[in-house]
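User: I have a structure to go through and a few things to ask about it. Can you take the questions as they come?
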Amino acid sequence: MNDLQLSNLIFQGRGPYNLRLVSGRITGLQGASGAGKTLLLRAIADLDPHQGEVQLGDMICAQVPAASWRKTVGLLPAESFWWFDMVGEHFQSPGQDLTGQLQQLGFEPDVLHWEVSRLSTGEKQRLAIVRLLQNHPRALLLDEPTASLDAANIERTETMLVAYCRQQQVPLLWVSHDPLQLERVADVEYYLENDGTLKQVRGEQHGR
Amino acid sequence: MGVKPLSPLDLSIAACLLIVLGLLSRRLKLGLEKQLAVSALRTTVQLLLIGQVLRVLFAHGSLIFVVAISMVMLAVAGREVMARQHRRLRGSQGWLLGTGSMFISSFSVAFIALAVIIANDPWYTPQYAIPLLGMLLGNTMNGISLSMDRMTETLWQQRQLVEQRLLLGETGNEATAEIRRQAMRSGMIPIINSMAAAGLVSLPGMMTGQILGGSSPMDAVKYQILIMFLIAAGTGFGVMSAMWLLTRRLFDDRDRLQLDQLHTSTSSR
């Protein structure tokens, strides 16, 4: 199994967190702002210092180079950043699956020739998802992936992310402020309290 | 043929110009008069002191004395690099980093110049060693402080962008390659510009001094060319080493950006 397992994860005075994210399933995460949802994702992606262990299948975070870990455990931040002038420069290998993914999110292939400075926030957010998936991550951590999208694009994005999770059998952690969205997409739901405790609010008991 | 000596009266006349400038600055509320007075005083005292030191040094000419003076110069240059950073590394790290880079570049370049190119007997003849090292240190100091300041400032402003690149699986080195390149450029541009403009816009200071001292223009020119090359090489190596060391300090062993290593100074110059 390719589950993502957090064992005694402690960061910035929060935790310990023990959580198993099952492959091919979507785990929803809600919580008050400031409860540390983003920090949790950053610790899992090893972007912030932490104690405890994170393991994906047989891959142990501390035992692989940080860059390969982050390529494998893909984190989508709430705000996306772009450093080249053109959209296409951020994608390494334009191939069949790139065109397909762009189309699923409502883009024509010529979006690669657009200037980044002309993109709207929502376009950036959707393109950031494609950019992340181009790394073929084996686990996904999504920080409000549809926060600035309109209804039609929310639906497209949800469909695509759910399909990626199911087809690739990857564990997916989905942070959202929208309870209805998590009801639609998530198999299991957790709530992060202000004091940092994590409690399961929906779905069958698994984990430890 | 020696230089015509300047009397204290001669210098006083030049000082009067500064006093007039200071009065004008006060009148126009430019607020420069205090800094102007302090730095004019500093330049007088510091240069008179170093004049005395050099007099003793040239009379003795021992290696230990030369080394001791060079170390003092290096330490002061290192302090100056730190003082010019808006966001500097905490603790002694920043001082060590700047000073280490200057030591590697200035000292090795100065040694090659003294021992191989000029090849005096002994190679550390202070009349050559001290001014040469001084010019090298002064210029690498500028280059290193410019590029370190640029690097830390840009990283601070673009930290989210850098973290985005880390999240997509780049190493700290890869994610900051462009920032480092620009920082190195800004450290190198002054010497590149002054090489390009040398002789056309202004006569470089050392050459002017040699000509005033009675050297033939061609001798002075050859020394100036040597100095320019040495400064460019020394600055380049110093800037590269500083950028490499700085990148290593600002990322930990898990390629996490550690901006808490930086301390923002309240008064930067």
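User: How do α8 and α10 of chain B pack, at what angle and how far apart are the axes?
Analyst: This is a predicted model. In it, helix α8 (residues 177-197) of chain B packs against helix α10 (residues 217-250) of chain B at an angle of about 170 degrees, and their axes are 10 Å apart.

User: Roughly parallel or roughly antiparallel, then?
Analyst: Roughly antiparallel: angles over 145 degrees count that way, and therefore α8(B) and α10(B) do.

User: Which residues meet there?
Analyst: From α8(B) they include B:Arg180, B:Ala183, B:Met184, B:Gly187 and B:Met188. Among those they meet in α10(B) are B:Met228, B:Phe229, B:Ile231, B:Val239 and B:Met243. By class, the contact of α8(B) with α10(B) has twelve nonpolar, five polar and one charged residues.

User: What about α3 and α4 of chain B, what is their packing angle?
Analyst: About 130 degrees, with the axes of α3 (residues 63-83) and α4 (residues 93-118) of chain B 8 Å apart. That angle makes α3(B) oblique to α4(B).

User: Left-handed or right-handed crossing?
Analyst: The crossing of α3(B) past α4(B) is right-handed. On the α4(B) side the contact is made by B:Gly94, B:Trp95, B:Thr99, B:Met102, B:Phe103 and B:Phe107. On the α3(B) side the residues include B:Ser70, B:Met71, B:Leu74 and B:Arg79. The contact of α3(B) with α4(B) divides into ten nonpolar, four polar and one charged residues.

User: How many helices and strands are there in chain B?
Analyst: Ten helices and two strands. Along the sequence the pattern is α-α-α-β-α-α-α-α-α-α-α-β. The C-alpha trace of chain B spans about 70 × 55 × 40 Å along its principal axes.

User: Switching to chain A. In what order do the six strands of the open sheet run?
Analyst: The order is β6-β7-β8-β3-β9-β10 (chain A), and the pairing is mixed. The edges are β6 (73-76) and β10 (198-202) of chain A; each has a single partner strand, so one side of each has no neighbour in the sheet. Neighbouring strands in this sheet are turned by 20 degrees against each other on average, ignoring direction.

User: How many bridges pair β3 and β9 of chain A?
Analyst: Five, in the parallel sense, between β3 (residues 26-31) and β9 (residues 188-192) of chain A. In β9(A), A:Val188 is the bridge partner of A:Thr27.

User: Which strands does α5 of chain A touch on that sheet?
Analyst: α5(A) packs on the sheet and touches β3, β7 (139-143) and β8 (172-175) of chain A. The direction of α5(A) makes about 155 degrees with that of β8(A).

User: And the four-strand sheet, what is its order?
Analyst: β2-β1-β4-β5 (chain A), an open sheet with antiparallel pairing. Its edge strands are β2 (14-21) and β5 (59-60) of chain A, each pairing on one side only. Two bridges join β4 (residues 51-56) of chain A to β5(A), and A:Leu56 stands opposite A:Met59 in β5(A).

User: Which helix packs on it?
Analyst: Helix α1 (residues 37-44) of chain A packs on the sheet, touching β1 (4-11), β2 and β4 of chain A. The direction of α1(A) makes about 115 degrees with that of β1(A).

User: Salt bridges: how many over all chains?
Analyst: A search of the whole structure finds 14. One pairs the side chains of A:Glu158 and A:Arg184 at 2.6 Å, N to O. This pair links distant parts of the chain, 26 residues apart: A:Glu158 is in helix α5 (residues 151-168) of chain A, and A:Arg184 is in helix α6 (residues 179-185) of chain A.

User: What is phi of A:Glu144?
Analyst: Near 45 degrees, a positive value in a residue other than glycine. A:Glu144 lies in the loop between β7 and α5 of chain A. A:Gln169, not a glycine either, has a positive phi of about 55 degrees, and lies in the loop between α5 and β8 of chain A.

Key:
Residues numbered from 1 in each chain as written. Chains lettered and ligands numbered in written order. Predicted model: local features only at pLDDT ≥ 70, side-chain atom pairs only at ≥ 80, totals over all residues. Heavy atoms only, no water. Pairing = 2+ DSSP bridges. Contact = heavy atoms within 4.5 Å. Axes fitted to C-alpha atoms, helices over the stretch in contact; angles between N-to-C directions. Parallel < 35°, antiparallel > 145°, perpendicular 65-115°, else oblique. Left-handed = near helix turned anticlockwise from the far one by under 90°. Nonpolar A, V, L, I, M, F, W, Y, C, P; charged D, E, K, R; others polar. Salt bridge = Lys/Arg side-chain N within 4 Å of Asp/Glu carboxyl O.
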